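Please read it alongside the sequence and coordinates shown next.

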Amino acid sequence: PAALSFRAAAALPVAAATAYDGVHQLSLLPGATLLITGVGGGVGVAAAQLARHAGLTVVGTASAGKKDLVESLGVTWVEPGPGVVERVRAVAPQGVDAIYDLVGGAALEEIAGVLRAPVGGGDAADKPPRLITAADSATVTRLGGVAVQRARSLAVLDVVTGLAAAGVLDPHVSYVYPLERADTALRAVETGHARGKVVIEVAV
């Protein structure tokens with residue numbers, strides 16, 4: 001769309017589309033509470049905005065350095081690490097209706113305990129899952145959840161670009177590097193501490 005910059009558009013196809021696919025897969029009703037682990041990264045930032053737009057209450061874990069970004073999205077920030085379950089329960093005493101995991105590993109194992117409903121959404125095959133991940137399919141399967149089902153379709157791209165053009169979805173491009181500094185950009189992503197999206201820009 002003409003309303004989108006090339007930088008913003010470049011950040012949408014993977015992160016925002018993955019976020020959309022996961023939120024859509026959970027099929028939560030307005031008013032439900034969604035917990036997003038790793039909410040301060042590219043997928044998490046987009047998922048939080050899409051979930052809030054759908055009328056969901058969002059709680060998210062992210063490092064202390066991303067607290068202001070997370071809260072600016074209308075998300076209740078919770079610091080990850082030891083004791084995270086107690087901290088989540090302090091802000092969501094009844095537990096959460098679903099978890100969108102973007103971290104995996106031990107963090108996913110621990111946080112699964114705050115789910116209010118059965119992980120798999122009950123016995124009926126047509127019920128949506130309550131625990132999904134875009135980071136650790138092995139662990140989520142063992143816990144009874146599922147991996148995010150990626151649509152990878154033009155229809156999803158149309159939706160997310162439309163929301164971005166309308167100002168509903170901001171990919172939060174926080175870092176822009178020239179192509180000759182691609183190594184620095186990749187290292188920034190690999191630390192896991194980048195806020196929002198990192199873009200490599202090619203000069204023409």
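Two strands count as paired if DSSP finds at least two bridges between them. In this predicted model, strand S1 (residues 33-37) and strand S4 (residues 98-101) pair in the parallel sense over three bridges, and within that pairing Leu-35 has Ile-99 of S4 as its bridge partner. Both strands belong to an open sheet of six strands, which has the order S3-S2-S1-S4-S5-S6 and parallel pairing. The edges of this sheet are formed by strand S3 (76-78) and strand S6 (146-147), each of which pairs on one side only.

Strand S7 (residues 173-178) and strand S8 (residues 197-201) likewise pair in the parallel sense, over five bridges, with Val-173 standing opposite Lys-197 in S8. Together with helix H9 (residues 182-190), S7 and S8 make a β-α-β unit that is right-handed.

| Strand pair | Bridges | Facing residues |
|---|---|---|
| S1 and S4 | three bridges | Leu-35 and Ile-99 |
| S7 and S8 | five bridges | Val-173 and Lys-197 |

Two packed helices are described by the angle between their axes and the distance between the axes. For helix H2 (residues 12-26) and helix H8 (residues 154-165), the axes come within 9 Å and cross at roughly 100°. Angles of 65 to 115 degrees count as roughly perpendicular, and H2 and H8 are therefore roughly perpendicular to each other. On the H2 side the contact is made by Leu-12, Pro-13, Ala-16, Ala-17, Tyr-20 and Asp-21, and on the H8 side by Val-156, Leu-157, Val-159, Val-160, Thr-161 and Ala-164. Sorted by class, the contact of H2 with H8 has ten nonpolar residues, one polar residue and one charged residue.

Which residue forms a salt bridge with Glu-201? The partner is Arg-7, and the closest N and O atoms of the pair are 2.8 Å apart, inside the 4 Å cut-off for a salt bridge; by this rule the count comes to seven salt bridges. Because Glu-201 lies in strand S8 and Arg-7 in helix H1 (residues 6-10), the pair ties together parts that are 194 residues apart in sequence.

How values were computed:
Residues are numbered from 1 along each chain as its sequence is written. This is a predicted model: local features need pLDDT of at least 70, side-chain atom pairs count only at pLDDT 80 or more; totals for chains, interfaces and linings use all residues. Side-chain values use heavy atoms; hydrogens and water are left out. Axes are lines fitted to C-alpha atoms, for helices over the stretch in contact, and angles run from 0 to 180 degrees between N-to-C directions. Helices (H or I, at least four residues) and strands (E, at least two) are DSSP runs, numbered from the N terminus. Angles under 35 degrees count as roughly parallel, over 145 as roughly antiparallel, 65 to 115 as roughly perpendicular and the rest as oblique. Contact means heavy atoms within 4.5 Å. Ala, Val, Leu, Ile, Met, Phe, Trp, Tyr, Cys and Pro count as nonpolar, Asp, Glu, Lys and Arg as charged, and the others, Gly among them, as polar. A crossover is right-handed if, with the strands pointing away from the viewer, the path from the first strand over the helix to the second runs clockwise. A salt bridge is a side-chain nitrogen of Lys or Arg within 4 Å of a carboxyl oxygen of Asp or Glu.
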